[in-house]
Amino acid sequence: MLTAENLKKAYGSLRAVDGVSFRVGPGEVFGLLGPNGAGKTTTIGMLAGLVSPDSGEVRIAGHPITGDTSPQKQRLGVVPQELALFDELSAASNLSLFGALYGLSGAAAAKEQDRVLTLVGLADRARDKVGTFSGGMKRRLNLAAALMHDPQVILLDEPTVGVDTQSRNAIFDNLETLKAAGKTLLYTTHYMEEAERLCDHIAIMDHGKVIASDTVAGLLRHAPVSSFVLIDLVANQFANLIEAAALPGVVSATLSGRQLRLGVRSMDDLPELLRWLLGHGGEFEQVQTERPTLETVFLHLTGRSLRDT
Amino acid sequence: MTAFLALVRKDLQIFFGDTRAVIMAFAAPILIGSFFGYVFGGNQTKKDSTQMQVLFVDQEQGPVAKQLLAAMQQDANLLVSLSALEPAREAVRKGKAPVAVVIPAGFGDQAAQALFGSGPKPEITVLFDPSHQTEASMVRGILTGQVMQTVTKESFGNKATVRTARERLKDSTMEPARKAALTELFSSLDRYGDQPGAGSGGLSVPFQTKDEAMTARAGVAYNSYAHSFGGMAIQFMLFMGVDVGIGLLLLRQRGLWRRFRAAPLSKTVLLGSRAASAMLVGMMILTVVFTFARVVFGVKIEGSLLGFIGICAAFSLMTAAYGLLIAAIGRTPEAARGLATLATLLMVMMSGAWVPSFLFPSWMQGVTKAVPARWAMDGLDAMTWRGLGIEEALLPIAVLLGSAAVFGAIAVWRFRWEAD
């Protein structure tokens, strides 16, 4: 449904997007994961026809977007990162306007307005000015505004920035409903938990390039460890951290307070590790395990943390 | 068309939902226009309520001063009241009265002697507020005429005055031939004083002026509210144009531009709808402001109504294009606001909206013709109080439309279409 082929965009000497390609089918959620400045928003801008690519092509249902009034834009809904709403107008007036941009008017517009307000749980606030809404409500209306013309492809640029957990979950529910309805969703975020929960396929971007692209399970296979073992030590001091890191099967070892965190290649090595610890001043109270995340994969691929960059 | 109309409706909804914007656009020009109109003379078809206050200090306490006082009180331009010297000085110093005239003791006799050259001229002191020099000059002129008439009337009609003058002439060292001629004149005046009705006239200035304000036509007085309301409407419309530009920049900052550009809309629809809504608001401002001026201050379109409407429409379009230009040139709302406000104030000042452009130095009058708002101001003046025909509206309309085209073209050329 949505195809990006070798998209490139530079601003002066800065290559904001450098050869990005992917395909997203109907009923799929495709995630663009990367730190701020990775090129996600510029990529979305090119997909939506907001930014002209220096090279490459975007196609929707096999047709390229050509010009300001391209009919393909009718199939696209864009949820900007900003709260792109008129605070001075009511929710209904906002939706009426954004519907009109796609030719909706009269009874058809009213019907769509009811549909999207119900979807995002704001039907009872239709007549209220947006300026009176909470941040979470605005985020939901921001999503609703992109759905007025019932687009097949929905581009969501960090749609949960700055919202509380309740609103975030409500937005996730909305997106899952849209996915179930067969919509094609492209989702950018720098929250790995969101990407893991929602996306069928994820492309990790850094410095304008896709550095890995796969399903969540496929990406996790890029992680250098199969698990992390979290060991709560009895003593405040552990003098043998370097030796622990050098043990066979251990990829990484960090100590934070009394908690020792070991990245291991295989859980089969765990009994041997614990025995070694007991023999080297590492008496412990509790042992937990944690699976690696996309954060681990990003750190492994770039040497940097998603949130630190 | 649905999108175009929806965008225009949105602009109007936002504009009329913003109390501050509405007050600035509609109430402010009415209030300030009323003030300037009043200050610059108001509607002169009404009874003049701007009589100049003059304090009259009578140190003579004689018939000449009394006649002079009565004559000045008859003058429609003056509001004359008696005062003692020190209170008069204090009143003028404090700005409570612009002018005071002091008639010295013995003024009548001295003036009569001086009239015939047989004595020194008495001195009338005119105390005036330095910020009212024009009024002081006007009082001097009126006073000269009145003194001339009063003193000659008293001299020619009062036999005692003539007799006294003749007695003094006897002791004078004047050359004999001149003295003889004056003696003969006094004899004639003596005989003239015996005639019935003598002393009722006196010499007066041998001409009078007829002032005719060149307004729409004879009998139609100048109404300064016509100029002030036009000027203020122009000023606040231009500020509305600044808001149009800033509003477009804010769309970009608030991410709304991304939504608009993502929709299948042409650049013409996006910018044209903004220009159309600005033009509509501009026309509304002009309609409301001039309707108020008509109802409250009697401002009439004395000239061509069609020409007036044409100038209003052309200026509204120019204002809309000016707003688009600001949006195209400005990088951020904050940066654009300061520069646009300065440019607008300069344009308003040079248009003659605050003070009529004929008061500008001649070089500046030439320069201001490059300012579109000057053409709007001149055009509105022409169609209102000057009462000129549509042919006088054509050039201002053409200049305003041309300016709108230039501003619009630059705006389209320089506008950053891509979303940030």
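Predicted model: local features only at pLDDT ≥ 70, side-chain atom pairs only at ≥ 80, totals over all residues.
Colleague: OK. How many residues does each chain put into the contact between B and A?

Modeller: Chain B gives 25 residues and chain A gives 37 residues.

Colleague: And how much area do the two chains bury between them?

Modeller: About 2,600 Å², with 58% of that on carbon and sulfur atoms.

Colleague: How many salt bridges are there between chain B and chain A?

Modeller: Three salt bridges are counted there. For one you can look up, Arg261(B) and Asp68(A) pair through their side chains, at 3.0 Å from N to O. The rule also finds seven residue pairs in polar contact across the interface of chain B and chain A, both partners at pLDDT 80 or more.

Colleague: Which elements of chain B supply at least two residues to the side that touches chain A?

Modeller: In chain B, that would be α1 (2–17), α9 (224–253) and α10 (256–262). The largest share comes from α1(B), with eight residues.

Colleague: How do the residues on that side of chain B divide by class?

Modeller: Twelve are nonpolar, five polar and eight charged.

Colleague: Switching to pockets. What's the volume of the largest pocket?

Modeller: Its volume is about 500 Å³. The lining has 24 residues, and those nearest the centre are Ile14(B), Phe15(B), Asp243(B), Gly247(B) and Arg274(B).

Colleague: Which elements give two or more residues to that lining?

Modeller: From chain B, α1, α2 (19–39), α9 and α11 (267–297) do. Here α9(B) has the largest share, eight residues.

Colleague: And what's the lining of the largest pocket like by class?

Modeller: You get 13 nonpolar, two polar and nine charged residues.

Colleague: Back to salt bridges. How many does a search of the whole structure find?

Modeller: Over all chains, 28 salt bridges turn up. Asp54(A) and Lys9(A) form a salt bridge through their side chains, 3.7 Å from N to O.

Colleague: What does the Asp54(A) and Lys9(A) pair tie together?

Modeller: Asp54(A) sits in the loop between α1 (40–47) and β4 (55–60) of chain A, while Lys9(A) is in strand β1 (residues 2–11) of that chain, so the pair links parts 45 residues apart in sequence.

Colleague: Last one: where does Ala114(B) lie?

Modeller: Ala114(B) is in helix α5 (residues 107–115) of chain B. Setting aside neighbours within four places in sequence, Ala114(B) is in contact with Gly119(B), Pro120(B), Lys121(B) and Pro122(B).

Colleague: And how far apart are Ala114(B) and Val92(B) in space?

Modeller: They're 29 Å apart, C-alpha to C-alpha, and 22 residues apart in sequence.

Notes. Residues numbered from 1 in each chain as written. Chains lettered and ligands numbered in written order. Heavy atoms only, no water. Contact = heavy atoms within 4.5 Å. Buried area = accessible area lost by both parts, 1.4 Å probe. Salt bridge = Lys/Arg side-chain N within 4 Å of Asp/Glu carboxyl O. Polar contact = N/O pair within 3.5 Å; in protein donor to acceptor, adjacent residues only side chain to side chain. Helix = DSSP H or I, 4+ residues; strand = E, 2+ residues; numbered from the N terminus. Nonpolar A, V, L, I, M, F, W, Y, C, P; charged D, E, K, R; others polar. 1 Å grid on protein atoms, 1.4 Å probe; cavity = no way out; pocket = protein on both sides within 12 Å on 5 of 7 lines; lining within 4 Å. Points joined across faces, edges and corners; volume = space filled by probe spheres on them.
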